[in-house]
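Open the model in your viewer and keep the selection tool at hand.

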Amino acid sequence: MRIALALGLALLATGCGSSGADDGKIYLQRFFGECGAAYGTATDVAAAKGECGIITSMINKFNAETRGAPVSSNVVAWPGYPQLSAQFAAGDPPDIVSMHGGVISDYAARGLLEPVEPYLEAAGLTPDQFTDASRSAATVDGRLYGLPWDTHGGLYHINTKLFAQAGLMRDGKPILPRSAEELLAHARQFKARTGKPYLLQSLVADTAAQTRTLYTYLMAQDAVIFPDPLHIKLQTPEARRVVSYFKALTQEGLGTLDQDTPAAIAAFLSGEGGIYPTGTWMIDQFQQDAMTKGRPLYGSYAVYPYPRLWGKHAEFVSGHVWVVPKRERTPAQRAMIARFFAFMTAHNLDWARTGHLPAVRKVIESAAFKALPHRADIAPLATIGHPLPGYVQRQSAIERLVGEEVGAAIIGQKSVDQALADGERRVNELLAELPVFSPTSPPRRSASSRR
């Protein structure tokens, strides 16, 4: 409470454009691309487009409305974690950093991040204002380690013109399967009537896609994927069911076999398949093509969460968050972080134009959000979406290992049982080398050492 009270008092001091003292300046580091030529001075957030344009305009607007332009920004090449780790090693991390929810545990486990509840309190925010999916993605060991910013996950991007040709449209909407058996029937009908694959699969060098599918349908079956911080369970009936199913579907020619991500995107834009399972981040690009006359996708685009095939309707998701690295800060700097959090939360609807789902519960329930193209159709992702447990470290590395093995099984390089056994062994060997969560703080340098 003392920290929260100090933050609140300092926030009042820096509010209303009255302070702007040098010790209130903060340093922000982010990915989302560099677009200074187009948006370097832009402050009209509503006019901005794309992740880079929107986030750049937001930060510019915050500085324009806050005396002293307190936020200095550094743009790192995606995903930026090697640079961040080097900054921690040098004892000079930024004040605010964009981070994927699945990476938080790697830094929190080493005591490198601050829990953000005091900043939220000073900003007038409460954890229950955020959706369950976005809040879970920022939670480790029961504490919030970042400001929830969005939820992103896999979606079925659909060519409705081809679905109509296949007889899979009803009342202007695509008919999606409600079971694994029904998806197989739809896929066979689609190929028979269009001559094209039902699924465009990026099976080459896209391990994230294979892991996303496996996690999603394990969660749907209530399978325990990570029973504890140091083990994964893949040699299970549920995992065999999922991988065997997509292997059989692919071998029957109902899904593509030899495409990487750029090839799969190009094929979908060219009308070469019915569904491309990929993330929320592709909505804007596909929607632009769907609005462009002469393009194969013109007037023929829809998007929905992955369908329920087994068990309950659930989906693996992650999200972007804003984290606060541990270091010495002045009260004014802490107040500025809280003020920035309040500003970003107030503009969460603007960020939703990227295709990512907003983190704020009121925004995702708002008419303004649902009026955006396709957003009402994908909004359930914030309810059915679940990240991995917060105690799971090295999620990106695990994603690669699991995806490699699942992909090898689907394309027939390995048997399903061998792939799952190899995936389980490789992940457990990785996890065995890691520390479990610890709140121990590392040595820190003073705030004055870098300004």
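The stops below belong to a predicted model.

**Stop one: the largest pocket.** Select Trp 78, His 100, His 152, Trp 281 and Glu 399. Of the 48 lining residues, these lie nearest the centre of the largest pocket. The volume of this pocket is about 1200 Å³. Now colour the lining by class.

**Stop two: the helix pair.** The crossing of α10 with α11 is right-handed. Next, show side chains. On α10, pick Thr 213, Leu 214, Tyr 217 and Leu 218; they meet Glu 238, Ala 239, Val 242, Val 243 and Phe 246 of α11. By class, this contact has 7 nonpolar residues, 1 polar and 1 charged.

**Stop three: the second largest pocket.** Select Lys 49, Asp 284, Gln 288, Arg 353 and Arg 375. They lie nearest the centre of the second largest pocket, which has 15 lining residues. About 270 Å³ of space lies here. Show α3 (50-65) and α13 (283-290) next; each supplies at least two residues of the lining. Which helix gives the most? That is α13, with 3 residues. Colour by class again: the lining has 7 nonpolar, 4 polar and 4 charged residues.

Conventions:
Residues are numbered from 1 along each chain as its sequence is written. This is a predicted model: local features need pLDDT of at least 70, side-chain atom pairs count only at pLDDT 80 or more; totals for chains, interfaces and linings use all residues. Side-chain values use heavy atoms; hydrogens and water are left out. On a 1 Å grid over the protein atoms alone, a cavity is a set of points where a 1.4 Å probe fits but cannot get out, and a pocket is an open set with protein on both sides within 12 Å along at least five of seven lines; lining residues have an atom within 4 Å of a point. Grid points are joined across faces, edges and corners, and a volume is the space filled by probe spheres set on the points. Helices (H or I, at least four residues) and strands (E, at least two) are DSSP runs, numbered from the N terminus. Ala, Val, Leu, Ile, Met, Phe, Trp, Tyr, Cys and Pro count as nonpolar, Asp, Glu, Lys and Arg as charged, and the others, Gly among them, as polar. A crossing is left-handed if the near helix is turned anticlockwise from the far one by less than a right angle, and right-handed if clockwise. Contact means heavy atoms within 4.5 Å.
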